[in-house]
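Reader: I am new to this structure and would like to go through it with you. Could we look at it together?

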Amino acid sequence: MSGRLVLFRDVDDLISALPPGRVLTDPDVTASYARDRTFLQAGAVRAVVLAESRDDVVTTMKWATANGVPVVPRGAGTGLAGGAVAGDGSIVLSLARMTRIVELSPADEIAVVQPGVITADLDRAARAHGLMYAPDPSSYEISTIGGNLATNAGGLRCVKYGVTRDSALGLEVVLADGQVVNTGRRTMKGVTGYDLTGLFVGSEGTLGIITEATVRLRRAPAKPPITVAAEFTSLRDAASAVAAIIAAGCQPSMLELIDRNTLVAIDDWRHIGLEPTTQGMLLAQSDAADGEAAADRMAALCEDHGATFAARSTTPEEADELIAVRRMAYQAKERLGECLTEDVCVPRSKLPEMIAEIEAVGQRHGLMICTVAHAGDGNLHPVFIFERGLPEPPPHVWAAADEIFRAALRLGGTLTGEHGVGLLKKRWLELESGPVVASLQTGIKRVFDPHNILNPGKAI
């Protein structure tokens, strides 16, 4: 590659430059750091750096740039698009040990955190002060803030509170050559210069390594949220209920759709008492001051749109039990076989059409597709189940995925709502971006990473 250094000096220089115990080189150990939660096979990495400070990251990036060695940043490895899968000869830079909540300011409603902080741990720390950290991915108990920032993760509460970018105020970032930059601010407003914070969020580690983040906290609800569970004999009816709930101004804090294939997988595992006629379940939640009234309204709208059953929680424990059903979804599907997990997003008005497209694709290709959706955002997660042990999905699975991606784009949507492009979606990227945008993105990458050592081959 033009301008790229390829000296590949011995990794002993890096080991010497870092504190003892920071670098792993045993191939059996390093292999476990080289992949994420996808089926993608990783290459043979040169070493794993277990960073514990910004200085560790700076040292690693200076060494990598001087020697032309690719660096793959990693958090908890919960990604579903191949963004943390390492290639041959690369260094894996793990930020999982950088777990400090540096500051939590109730007065300013912000927190300053290192990238290895677990999402749920930050939320729990905020709630001790009557606050909360709003982004709420399903993996919140195991995923890290750094990983959430890298993919602009959304989650169950994004229908009301937005995605990770909406909570990111400022970042400390180590660039490819080891320089440290600070972007953004501690204030709720600020338009000085270009929005570099927004640029780094969702960039999948291809522009810099986030070593600290200033994030927005919000007031926690005064009362526990109320959850509505509604069952439908038609998934399209459930999608129509979603549109009605949004149109009625109910302002749900959560609006999740689960199809029958997913419900069967959960029922086989955890015995939730699934009815034989249920084709879909809608879980809606309100954390508003008038949550009971809002929940009653949402339940009534579900019944108006064909729900065979709709009820709301009467205790916080019941609400938690209902939401737990949604959080079980991915683990339940993993029990069925290997998973190709996607996350197309369409305008909310097109949700019924997109659901119909997914169902039709599954029938055409004889595939089991398990779908859940952050329905209030039009963000669907169709998961293609295929035989365990195969190196990659069979051709008919890729063909089905191709049809679903093209359908999402045809309906005015996008290839990925929150998981990122990683490696899995690169083959479809130009269908959405087009040549001009692709050229601009490549140019941005070149400015920040001229030797292409930061997570090469990902995202763009």
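**Strands, domains and salt bridges**

Author: S1 and strand S2 (residues 47-50) pair in the antiparallel sense, over two bridges. Strands pair if DSSP finds at least two bridges between them, and helices (H or I, at least four residues) and strands (E, at least two) are DSSP runs numbered from the N terminus. This is a predicted model, in which local features need pLDDT of at least 70 and side-chain atom pairs count only at pLDDT 80 or more, while totals for chains, interfaces and linings use all residues. Residues are numbered from 1 along each chain as its sequence is written, and side-chain values use heavy atoms, with hydrogens and water left out.

Reader: Which residue in S2 does Val23 stand opposite?

Author: Val23 stands opposite Val49.

Reader: And in what order do the strands of the open sheet come?

Author: The order is S1-S2-S4-S3, four strands with mixed pairing. Strand S1 (23-24) and strand S3 (71-74) are the edge strands, each pairing on one side only.

Reader: Changing topic, what domains does the domain assignment give?

Author: It gives domain 1 (2-94), domain 2 (101-219) and domain 3 (223-332); such bounds come from an automatic or database domain assignment.

Reader: How many residues of domain 2 and domain 3 are in contact?

Author: Ten residues of domain 2 are in contact with twelve of domain 3, contact meaning heavy atoms within 4.5 Å. The two domains bury about 830 Å² between them, 51% of it on carbon and sulfur atoms. Buried area is the accessible area (1.4 Å probe) that two parts lose on being put together, summed over both.

Reader: Which residues in domain 2 lose the most area to domain 3?

Author: Those are Leu156, Val159 and Lys160, which together make up 62% of what that side buries.

Reader: What is the count of salt bridges between domain 2 and domain 3?

Author: The count is two, where a salt bridge is a side-chain nitrogen of Lys or Arg within 4 Å of a carboxyl oxygen of Asp or Glu. Lys160 also forms a salt bridge with Asp287, with the closest N and O atoms 2.7 Å apart.

Reader: What does the count of salt bridges come to by this rule?

Author: It comes to 24. Arg37 and Glu334 form a salt bridge, their closest N and O atoms being 3.2 Å apart.

Reader: Where do Arg37 and Glu334 lie?

Author: Arg37 is in the loop between helix H2 (27-30) and S2, and Glu334 is in helix H12 (residues 329-334), so the pair ties together parts that are 297 residues apart in sequence.
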